[in-house]
Amino acid sequence: MTGPRNWLTTVLTRLVAGIAIVVPAALLLGASPAAAHPMPHSVVQLDVYRSSVSARLELPVSDFSRASGIDLEDITGKTVPAAQRKAVRAYLAAHIHPATTGGRAWQVGIGAMHLSATRQTSTGPYRELTVAAVLTPPAGADVRHFTFHYDVIVHQVVTHVTLVTVRQDWANGQVDGKGTTQVGTIELDIRHMKVPALKVDLGPGSAWRGLVAMVELGGNHILTGTDHLLFLLILLLPAPLAATGGRWTGLVGPRKALARIGGITLAFTAGHSVALAATALGRLQIPSWPVEAFIAASILVGAIHAIRPLFPGREAVVAGVFGLGHGMAFSFVLAEMHLSTGQLVTSLLGFNLGIELVQLLLVCLALPSLLVLARLRVQPVIRLTGAALTGVAALGWLVDRLGLPNPVARAADSAGSHTTLLLVILTLAAVTSTAWSLTARVRSAPQGGGLRPRWRAAPDRS
Amino acid sequence: MSKERTRLVRSRRTRRVVVGAATALVLVGGGFAVANAATAGSDKSAAGVQRPVDKQAKGTAAVVSAANAFLNTLTSDQQASTLLDFSQANATAWSNLPCGGTCRPGIQLSTLSDDQLAAAKALLKTALGTGKDTGYAHVLQTLKADDVLASAESTSSASAAPTDAPTATDSATPTDSASATATDSASAAPTDVPTGAPPSGGAGGGGGFSYGSGYYYLALLGTPSKTGTWQLHFGGHHLAVNITYKDGKVSGASPYFTGVEPTSWTADDGTTYAPLAKFRNGLLKLTGSLSTAQLAEAKLSESFSDVLLGPGKDGDFPETKEGIKVSELSPKQKKLVLAAIHPWIADVDDATAAQLMKTYAKELDQTYVAYSGGTGLDTQGDYVRIDGPGVWVEFVVQNGIVFQNQVHYHTVYRDHTRDYGNEFSFS
């Protein structure tokens, strides 16, 4: 994650050669970690903000107890008893000293801590102490370059190694919370039997890199968030159909169908953008489950509408209203990042842009299939099957969000991880549909028979 | 008109498809033919070049001959993965971890045929010492220990522990096995080491690591010769043998990493193995001989959860030696120091080991003995170090990985000036 990845390139490459990416990526992921150490090591995982750095310390209990003299080895639960908690705080405060490159000390706050069981490559299972800390430079000092004087454990257990990694760094384009980049290793200089400080250099960082990363995050979010996509597609499914007498019958003609699809998409965009902006900028603390449940309900309503028209002609309004809920869900991603206001505004812009770009791409890809599908004789079967499947997924999600996890929800969620497959299928469908309608037109024009598109029978009157 | 254009387009498309298919066919077919030719070629050349073998040779010449005999059994593809450059990158690529071929070069033992494996073992037997429980015998025991781990992992019965702490207490005097003649091969009889990859469950302990005697790797860095510089590089989990030859002599028998888990076990035939017992007992005798005052002087303030100078720590010897200086010890204790380091030095062929022991004996008064944790060498963190102008030996007790209710050992022998024959500088 060194350069700002061009998001558009990523998507295009996925389209063209999804499989070609997967193979080397798997090989890269399979590569062994930098430090091959048989004993469990510590990890200091940094989240870099505009004016502070939060650190998550993962400390193997065995070496920690030996080094600090604070015995945590007999504790089996998650909680560190109050007496030891105080001692741990004092010990850590004595061994963590970030400073500006000019030597001015940063402030160190030690926060919550807990114990857990874990394992690293080749260590076997062991217990770990996890501690949250906040490192704050003096006012105006550079947060991206500092000298990390840190000798927790290693001041005593001299073979102990600490990996320093960055999980989130907005200004460096690292925003998805997945995976970390290694900043450096803190270990004994054996020749001099001293622990040198780690020079942390997080690069210059820029709002541009943050913006680009947010566009990418937005794009990925809608691509992998099956629920948002499903809601839009299920609303678009009956768009080319005419509703008469509480049933989907006949076609409305391509121009009208296109207008409907455009209207629904725009309304959905407007709805979720407004809600996203309002929730994020207002820093509203909305509990996630009602929003998630609302989204599941929106998909269910969409699925029913695809079977029998519930609100024919008013799809755009419905898309806009339900879009509000989807926008609130988008804002959760931003809320988790604890961004400064300036970063938040840029992020909002980039994130929404990414969402809209991918949404546009997907709608364009789905468009030919939607139009052609409506003209096929098997249209009702496909529509009803799609709607039923979507309805089942939505029900599964609804039940899950209301507190009852179930396999249907899990399966539906996992569908979102097959983005390459999804894109390939959509593209193939789009190409096939376009080719089919072209050949069908050409063939049917002179003879007036054969495989006739149905909308010639029900001519376009719009 | 549009019909005409479509037809044109269509016929053009068809042509393109035909051409594309034809190209693909040619490519695939061609690739196949080339691959076939390559395979056929390799088979031929394997039997082609025969390297000189002299069964009467002694010393380094015998090692060269055994190396050639081994190479002669290999196909050219196998030779290519065995015979590598004597580069710093290849020489320093060793690890104590069960990381198979991802962290060390060479040919994997489990890929060898019976004849090839026999030739590989003959080479090791020629290059390594003949002492009881040291040298070649010790290396084979280390491989056996890994088979114990593999079967423990595959049956997931890691809690059913083998026998506990080692009990053997044979006293290793500095002279006994170093003076053993090459004909004394009682302990060096090549026992049959299972070579196949362990059952699928054998890939152990998370991270896709693999246990078992099949996951050991033999490489020859540089071309074995009686005049040039080259290295025998052999290892796997808990084992790294690096013996460097220069102008017909051993110029370095280190770094030598040897560790073991489980520390002892009884095989199906009733034999009890404790590969590092001899090494540990020498240190126990030494520390046991120290008075309270001497112990206080030898005690290190730091704690250790592994050896300091493991893989990747080449040339990183501490500038200041710590512990008690051997010159302050009694003559009897000095002998115990030499006896304690001997099992590591006896890694290499007996004549070289005797030479090295002579050197280390001369340097004995400038050598230091230090320890951390307890002196029992039976608890996590117990640690002993012997650091001289040349010799560097570390022994550390760690918690078990596969047998979690036991401890296991890591040890390393290095030499301040002779690691890798002093062919590389580590600044």
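## Reading burial, cores and a helix

Me: Is Gln231(B) buried or exposed in this predicted model?

Reply: Gln231(B) is buried, because 25 other C-beta atoms lie within 10 Å, and 20 or more count as buried.

Me: Where does Gln231(B) lie, and which residues is it in contact with?

Reply: Gln231(B) belongs to strand β6 of chain B, residues 229–236. Set aside neighbours within four places in sequence. Gln231(B) is then in contact with Phe86(B), Ala91(B), Leu221(B), Gly222(B), Asn242(B), Ile243(B), Thr244(B) and Tyr420(B).

Me: How far apart are Gln231(B) and Ser154(B) in sequence and in space?

Reply: They are 77 residues apart in sequence. In space, the C-alpha to C-alpha distance is 35 Å.

Me: How do I read a nonpolar core?

Reply: Start with the general idea. In soluble globular proteins, nonpolar side chains tend to be buried together. Now this case. The largest nonpolar core has 154 residues. Ala120(B), Val337(B), Ile341(B) and Phe395(B) have the most contacts inside it. Helix α6 of chain B, residues 135–155, gives the most to this core, with 10 residues.

Me: Which residues does Val337(B) touch?

Reply: Leaving out residues up to four places away in sequence, Val337(B) touches Leu286(B), Val326(B), Leu364(B), Thr367(B), Val369(B) and Ile386(B). A second, separate core has 68 residues, including Met214(A), Leu223(A), Leu236(A) and Ala374(A).

Me: What span should helix α6 of chain A have?

Reply: Helix α6 of chain A covers residues 254–281, 28 residues in total. At 1.5 Å a residue, the helix should span 40 Å. Its end C-alpha atoms are 40 Å apart, which agrees. Just after α6(A), Arg283(A) takes a positive phi of about 45°.

Definitions and conventions. Residues numbered from 1 in each chain as written. Chains lettered and ligands numbered in written order. Predicted model: local features only at pLDDT ≥ 70, side-chain atom pairs only at ≥ 80, totals over all residues. Helix = DSSP H or I, 4+ residues; strand = E, 2+ residues; numbered from the N terminus. Expected span 1.5 Å × (residues − 1). Buried ≥ 20, exposed ≤ 12 C-beta atoms within 10 Å, placed from the backbone. Contact = placed C-beta atoms within 7 Å. Core = buried A, V, L, I, M, F, W, Y, C linked by C-beta atoms within 7 Å.
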